[in-house]
Amino acid sequence: MTTYLQPTSTSGFPQSLTLTQFIQTVMVGISALPGPLVRPKWQIEPPKQPDLSVNWMAIGVSVAVPDANSYVGSDEDGAVISQRHETLEISCSIYGPDAMETYGLIRDGFQIQPNLYALRSANMGFVEVSPARHIPDLVNGRFINRVEASVFLRRMIQRVYPIATLLSASGVIHTVVGGEEYLLDWETQTEET
C-alpha cells in the first residue's frame, strides 16, 4: 500500500483568510469601494445586484498559471519544503456610473508602494492591470454600465511535508551473485544529541 504525504503547513494569508477573502480585502483598499460592494464572482446563490446608481465590483480568480517546476529542498529537521510561484489573473467586473473611474483607482492604486504592503505580507506581488474594456449590459431595455479588466498578481506558495526520520534500523540482506548466496547483517543508529 502506498502512503502519500500531506503538508503540515502551507504559506497562508493574514488572519487565516482564504485566497478569495484576502484578494477581496486588497481590492476594497485599492478601489475605495465599501467591503460589501466588492463581491466574489460565481457565487452559488448570487445576491441581488445593487441599484444602477451604485458603484460596485465582482472579482474572482479566473486563471492561475504555475511555474513549470517547483523548488524542492529540505530544512534542518529533514522535512521536505516545496516552493512554487504562480501568476493569478483576477477578473474584475466593475459596475456603476463611475465604473471607469473605479478602474482608474485600481490601475493607479497598485502603483503606490504603501498599497502593496498587504500583498507582500502574503508573499504576493503586483504584476500589471489589463486595459479596461467598456462592455455595458442590456437588461430589460436598460444599459447597466460595466467595465471589464484583470489584475495580475504573483505569489509564492510554500508547503512543508514531514518526513519521518530514521533513528535506527537493522536487517539481513540476501543476495545471489554468480550462483552463490551472500548474507549481509547490518545495523545502523544515528547519534542522538
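These exercises walk through a predicted model, one region at a time.

The model is predicted: local features need pLDDT of at least 70, side-chain atom pairs count only at pLDDT 80 or more, and totals for chains, interfaces and linings use all residues. Residues are numbered from 1 along each chain as its sequence is written, and side-chain values use heavy atoms, with hydrogens and water left out.

**Exercise 1. Helix α1**

Task: Check the span of helix α1 against its number of residues, then list its buried residues.

Solution. 
- Step 1. Helices are DSSP runs of H or I with at least four residues, strands are runs of E with at least two, and both are numbered from the N terminus.
- Step 2. Helix α1 covers residues 19-31, which is 13 residues.
- Step 3. The expected span is 1.5 Å times one less than the number of residues. That gives 18 Å, and the end C-alpha atoms of α1 are 18 Å apart, so the two agree.
- Step 4. Buried means under 20% relative accessible area, exposed over 50%, and partly exposed in between (1.4 Å probe, protein chains only).
- Step 5. The buried residues of α1 are F22, I23, Q24, V26, M27, V28, I30 and S31.

**Exercise 2. V26 and its surroundings**

Task: Is V26 buried or exposed, and which residues does V26 contact?

Solution. 
- Step 1. V26 sits in helix α1.
- Step 2. Its relative accessibility is 8%, so V26 counts as buried.
- Step 3. Contact means heavy atoms within 4.5 Å. Neighbours within four places in sequence aside, V26 is in contact with F110, A118 and L119.
- Step 4. For a view across the model, take V26 and H174. They are 148 residues apart along the chain, and their C-alpha atoms are separated by 62 Å.

**Exercise 3. Two positive phi angles**

Task: Where do A32 and W42 lie, and what are their phi values?

Solution. 
- Step 1. Most residues other than glycine have a negative phi.
- Step 2. A32 follows α1 and belongs to the loop between α1 and β2. A32 is not a glycine, yet its phi is positive, about 70 degrees.
- Step 3. A32 counts as exposed because its relative accessibility is 62%.
- Step 4. W42 belongs to the loop between β2 and β3. W42 is not a glycine either, and its phi is positive at about 55 degrees.
- Step 5. With 60% relative accessibility, W42 counts as exposed.

**Exercise 4. Strand pairing**

Task: How do β2 and β5 each run relative to β3?

Solution. 
- Step 1. Two strands pair if DSSP finds at least two bridges between them.
- Step 2. Strand β2 (residues 38-40) and strand β3 (residues 56-66) are joined by three bridges and run parallel. R39 stands opposite A58 in β3.
- Step 3. Strand β5 (residues 80-95) is joined to β3 by 10 bridges, and these two run antiparallel. V65 has T87 in β5 as its bridge partner.

**Exercise 5. Cover over helix α2**

Task: Which residues of α2 are buried, and what covers them?

Solution. 
- Step 1. Helix α2 spans residues 99-109, and A99, T102, Y103, G104, I106 and G109 are buried there.
- Step 2. The cover over these buried residues includes α1, β3, β5, β6 (124-129) and β10.
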